[in-house]
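Please open the model in a viewer and follow the stops below in order.

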Amino acid sequence: MKKSLLRVAQTLSILAIFVLGGCTTTKIFQTSYQKVPYLSLAKDVPASQTKGGIIVELRTTKDNDYQEFGLKRNFTVKYKPIISLGTVLDENGLATDVVSLNFNLTEEMAVFMVTINNNTDHILRMNDSRIIFVTPTSDDPKLGLNKESLKSLITELPIYNKTVSYLMSKYPETSPESIKNQVAAALFDIFGKMKIINNLGKEIIPSMKSTGFLLFDISPKKVSEGKISFVDVVSKTDQAGNPTEKVRFDYQTALNYEYYKLGPEGKWTVISENEYTTGLSNPPKYYYDKAAKRWVEGTPHKK
């Protein structure tokens, strides 16, 4: 399951809404739901394929992929406080806060994990091949992103815009330009450290393997099916290292959905489609019991 689709990124885009009930100040919460599209392998498509001594394994991402490959980290923000009393300021009058975020890339992008095993007798050079995504309605394939092309998309990514909006609302006295620059710098640093399988210049030594993200600038909201192809992967070379044989790997993809709910504690959890459908028609409500110091499902008792 693609359990890393929203995680913290959703907490940036949707915040729990509290309203006042009656004449009291009792906090009231109504559960929120989201249906999230993502691209995965089509039914019955093998995740692992072997051709010419090369094994390609392709799968959807998991939550620990983002932990292992550096997309979960603390983001240090410089901001101008509304009230500076008791706050440590730097020489520019700015305070420092540490926000724990997941930089999510999957809301408007197709993201997979790929492992390539090189069981040939030559160095496998990724710049000799191409990884593309083809849709049934277009003859113009999308190339897999590398670090440089990903960096060029920073200000277009939903996670950039949502993070900027979140921080601007949290630190309203801070210059919007400063926040934009800080978010862009953080993303730029993360992308620079990511393991991306499609990076030009990547080499895989014989009897070794390499694992990394495979990203396409394709919105799952707009593409219901397609095909990922590893084209012109060199399986044999001559004594001078010139390619003499190439193979191709094809993976049909399909559109799937995951369903989430936001509880009163501010955490998103994965739920079933049935729970999602039921919850939309009759979302549970909670109130905060101050005496018990916990959220209770239902409505507060009238005094």
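At what angle do helix α4 and helix α5 pack, and how far apart are their axes? This is a predicted model, in which local features need pLDDT of at least 70, side-chain atom pairs count only at pLDDT 80 or more, and totals for chains, interfaces and linings use all residues. Residues are numbered from 1 along each chain as its sequence is written, and side-chain values use heavy atoms, with hydrogens and water left out.

Select residues 158-170 for α4 and 176-193 for α5: the helices pack at about 135°, with axes 10 Å apart. Helices are DSSP runs of H or I with at least four residues, and strands are runs of E with at least two, numbered from the N terminus. Axes are lines fitted to C-alpha atoms, for helices over the stretch in contact, and angles run from 0 to 180 degrees between N-to-C directions. The angle therefore makes α4 oblique to α5 (under 35 degrees is roughly parallel, over 145 roughly antiparallel, 65 to 115 roughly perpendicular, and the rest oblique).

Next, display the contact (heavy atoms within 4.5 Å). From α4 come I159, Y160, T163, V164, L167 and M168, and from α5 come P176, I179, K180, V183, A184 and L187. Of these contact residues, 10 are nonpolar, one is polar and one is charged (Ala, Val, Leu, Ile, Met, Phe, Trp, Tyr, Cys and Pro count as nonpolar, Asp, Glu, Lys and Arg as charged, and the others, Gly among them, as polar).

Now select L143 in strand β11, residues 142-143. Leaving aside residues up to four places away in sequence, L143 touches R130, I131, I132 and F216. The C-alpha atoms of L143 and I131 are 6.1 Å apart, although 12 residues separate the two along the chain.
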